[in-house]
Amino acid sequence: MDFSVGYQFFDDNTLVDAVIKRSNFVKEVYFSWGDIPNGRNTVSASTFLEPMEQKIKQLSHLEFLHKNGIKLNLLLNGNCYGKYAQSRTFFNKLGDTIQFLKENASVDAVTTTSPLIAKFIKQNFNDIFIRASVNMEIGTAQGMDYLADWFDGFYLKREYNRDLKQIMLARAWCDENGKKLYGLANSGCLNFCSSHTFHDNLVAHESEIAEMDNAYQFEGQCKLYLQSGEKKKDWLSITNFIRPEDVHLYDGLFDGMKLATRINPQPLKIIEAYCASFYSGNLPDLLEPCHSGLFYPQIIENKNISSNFAQKVLNCDKNCKECGYCDEIQKSATVVL
């Protein structure tokens with residue numbers, strides 16, 4: 001399986017070196033640029049550099065990746081662009097940004113949530129592969145068909161990672177229509193989260209929100225939900241991640257898998273685990289968002305999970321209330337530190 005890894009800023013070359021070292025598995029790095037809203041917050045984990053110095057360093061990282069054969073995927077996947085969403089000013093800025101990056105590093109692909117951005121790129125940069133963001137939550141062939149004129153590939157709705165029937169229906173449509181299909185391997189989001197759109201909108205407007213005297217903070221409904229001890233026992237059944245050991249089951253179904261690493265505190269651990277197809281340790285550590293702290297002092301030891309887990313859930317009838325299989329697997333994998 002070919003992996004696409006999210007760019008997280010480091011002052012040194014730690015991340016880019018790790019990617020290039022594993023370039024037989026990692027074929028692409030996706031990244032945000034400047035102040036253009038995207039599906040996550042800042043690219044910087046921690047840095048002592050000024051914003052312009054950081055931008056220069058990021059550009060050098062991108063150029064180095066490109067020179068070493070890694071494709072680059074620009075994220076224009078903000079959930080909202082406000083009053084600028086259809087403006088000439090906004091699209092002029094996008095065009096200038098893409099042209100600058102093409103000339104100084106590379107842009108092989110763009111992932112976006114906006115059909116208008118996809119249309120703009122298709123009309124002005126016909127050498128760029130346009131991918132529909134997982135945040136669009138496209139889960140059916142019909143949903144892909146609506147956007148077939150503007151998108152070359154689609155991330156499948158994350159909730160269908162463990163639904164072989166839905167994946168195969170999407171795969172068949174993509175094959176028939178000359179499109180690519182991708183999956184997000186390590187999402188820590190809860191299935192069918194009713195606050196997901198709201199949260200993505202907050203992220204898109206985070207700079208404006210930070211300037212306000214805010215009455216409330218919102219850290220994600222998933223965190224609030226899992227803080228309850230009673231709810232935590234259902235974690236495995238209400239998530240959708242694919243374990244490193246199970247990626248091979250998706251060969252021929254997905255053309256590539258995205259690894260979420262832009263805000264996880266240990267991105268190198270994620271890259272290593274998925275490239276090795278093996279991980280021993282606390283399973284939530286590999287996910288983004290990472291909710292490990294909510295389970296402490298318990299961990300969910302990945303090596304204790306049945307090797308048949310993925311085969312079972314890919315083909316089950318999703319009648320979780322009656323089944324209890326995932327709850328038993330989680331219980332048997334839980335270890336107290």
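Let me begin with threonine 261, which at 0% relative accessibility counts as buried; buried here means under 20% relative accessible area, exposed means over 50%, and partly exposed lies in between, with a 1.4 Å probe and protein chains only. The structure is a predicted model, in which local features need pLDDT of at least 70 and side-chain atom pairs count only at pLDDT 80 or more, while totals for chains, interfaces and linings use all residues. Residues are numbered from 1 along each chain as its sequence is written, and side-chain values use heavy atoms, with hydrogens and water left out.

Threonine 261 sits in the loop that joins β8 (256-259) to α11; helices (H or I, at least four residues) and strands (E, at least two) are DSSP runs numbered from the N terminus. Which residues does threonine 261 touch, not counting those up to four places away in sequence? They are Val5, Gly6, Gln8, Tyr30, Pro267, Ile270, Ile271 and Glu288, where contact means heavy atoms within 4.5 Å. Phenylalanine 10 is 251 residues from threonine 261 along the chain, yet their C-alpha atoms are separated by 12 Å.

I turn to the chain as a whole. It contains 15 helices and 10 strands. Its radius of gyration is 20 Å, close to the 20 Å that the globule rule gives for 337 residues, so the chain is as compact as a globular protein of that length; the radius is taken over C-alpha atoms, and the rule is 2.2 Å times the number of residues to the power 0.38. The C-alpha trace spans about 55 × 50 × 45 Å along its principal axes. Of the 337 residues, 50% count as buried. Among contacts with a separation of 6 or more, 72% are between residues 24 or more positions apart.

Leaving aside neighbours within four places in sequence, tryptophan 235 is in contact with Leu226, Phe241, Leu283, Pro284, Leu287, Phe295, Ile300 and Gln330.

Helix α1 (residues 14-21) has Leu15, Val16, Ala18, Val19 and Ile20 as its buried residues. Their cover includes β1 (3-6), β2 (26-31), α2 (51-67) and α11 (267-276).

Finally, the backbone. Most residues other than glycine have a negative phi, and most peptide bonds are trans. Which peptide bond has omega near 0°? The bond from glutamate 288 to proline 289 does, and it is cis; proline 289 is in the loop between α11 and α12 (292-295). The bond from tyrosine 296 to proline 297 is also cis, with omega near 10°, and proline 297 belongs to the loop between α12 and β9 (298-300).

Two residues other than glycine deserve mention for positive phi. Phenylalanine 192 has phi near 50° and is located in the loop between β7 (180-184) and α7 (196-204); at 54% relative accessibility, phenylalanine 192 counts as exposed. Lysine 318 has phi near 60° and lies in the loop between α13 (309-314) and α14 (320-323); at 34% relative accessibility, lysine 318 counts as partly exposed.
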